[in-house]
Amino acid sequence: MNITILDDYFDTVRTLKCFSKVAGHNVTIWNDHVQDNDVLAERLKDTEVLTLIRERTAIRAPLIERLPKLKLISQRSVYPHIDIDACTQQGIVVSSNQHAGTPSYSTAELTWGLIIAAMRQIPQQMNALKAGKWQTALGMGLRGRTLGIYSYGRIGSVVAGYGKAFGMKVLVWGREASCERARADGYSVARSREAFFEECDVISLHMRLVDVTRGIIKAADLARMKPLSLIVNTSRAGLIEPGALLAALRAGRPGMGAVDVYEEEPLLDTGNPLINLPNIVCTPHIGYVGRDEFEVQFNDIFDQITAFVAGKPINVVNPDVLARTGK
């Protein structure tokens, strides 16, 4: 099989232990990011299996229609970047393990790293030290403060546990099912949405970005937060109303932000106003980018390829295509 892997930014996949699972196949790996359909069509013209690293490249109908040899797209997690209907029409199987019930510990750990970095102003203090200054501001501790978890799911529950270990009071908000899970685990649920934003010292967002959650965090919500509070987003930028975070941080409510996700990725504009704010800590969507996490993800991705080659595709998200392909 001709397998192509896109967006392996720092040529990591071939160094993974699980890469041996595709030994014997013709594997092409691209390390840059391209979204131009003409360029992608040329790169993928002989590709039979396309491997995607999360949502880095959008695969839409205009491109899919130009890839007559493509038989399988193998990836992991959600797939808003793939035109599933177009794949089905072209007879392309899409396999994606949803890993339901399995937390991304890598993302939860990064979330906690951002919380500590922002509250103690670690990046700012590092920059000051490099500039010849010594201790430029007072950081804030976590013990005894209130950690807000917006949506108590796979990752939110892990972050809540870290908060408890740090001696924080954990307060949860979200859909009723999410709140019920939190109560069952011994956590408190906010009296109201308004109280959640008003009372929390740190709020961390842990929701999938779907139609119902897009823009779910409003400017009015952020305006309720304390001047010394922190908002953290390692989920998706689209959860926050467009422009609301930048405006809120400029206004000082909340007083700090920490983000790993952006409206457009990769974000390469050094003049972007959000990342240049003095009261924010920003990382380049590295929540899931860890060697352990990649081993887990690509084990699944390569297993899906192996199953497809054996004529027994797994984790198929467009099962209607199987009748077309005879699988």
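A disulfide is a pair of cysteine sulfur atoms within 2.5 Å, and by this criterion the structure, which is a predicted model, holds 0 disulfides. Cys200 is in no disulfide, since the nearest cysteine sulfur, that of Cys179, is 12 Å away.

Strand E1, which spans residues 2-5, takes part in two parallel pairings. With strand E2 (residues 26-29), E1 runs parallel and is joined by 4 bridges; within this pairing, Ile3 has Val27 of E2 as its bridge partner. With strand E3 (residues 49-51), E1 again runs parallel, here through 3 bridges, and the bridge partner of Thr4 in E3 is Leu50.

Helix H7, formed by residues 176-184, contains the buried residues Ser178, Cys179 and Ala182. These residues cover an arc of only 95° around the axis, and they therefore lie on the same side of H7. An α-helix has 3.6 residues a turn, so residues three or four places apart point the same way. After H7 comes Gly186, for which phi is positive, near 90°.

Technical notes
Residues numbered from 1 in each chain as written. Predicted model: local features only at pLDDT ≥ 70, side-chain atom pairs only at ≥ 80, totals over all residues. Heavy atoms only, no water. Pairing = 2+ DSSP bridges. Buried < 20%, exposed > 50% of the residue type's maximum accessible area, 1.4 Å probe, protein only. Arc of directions from axis to C-beta.
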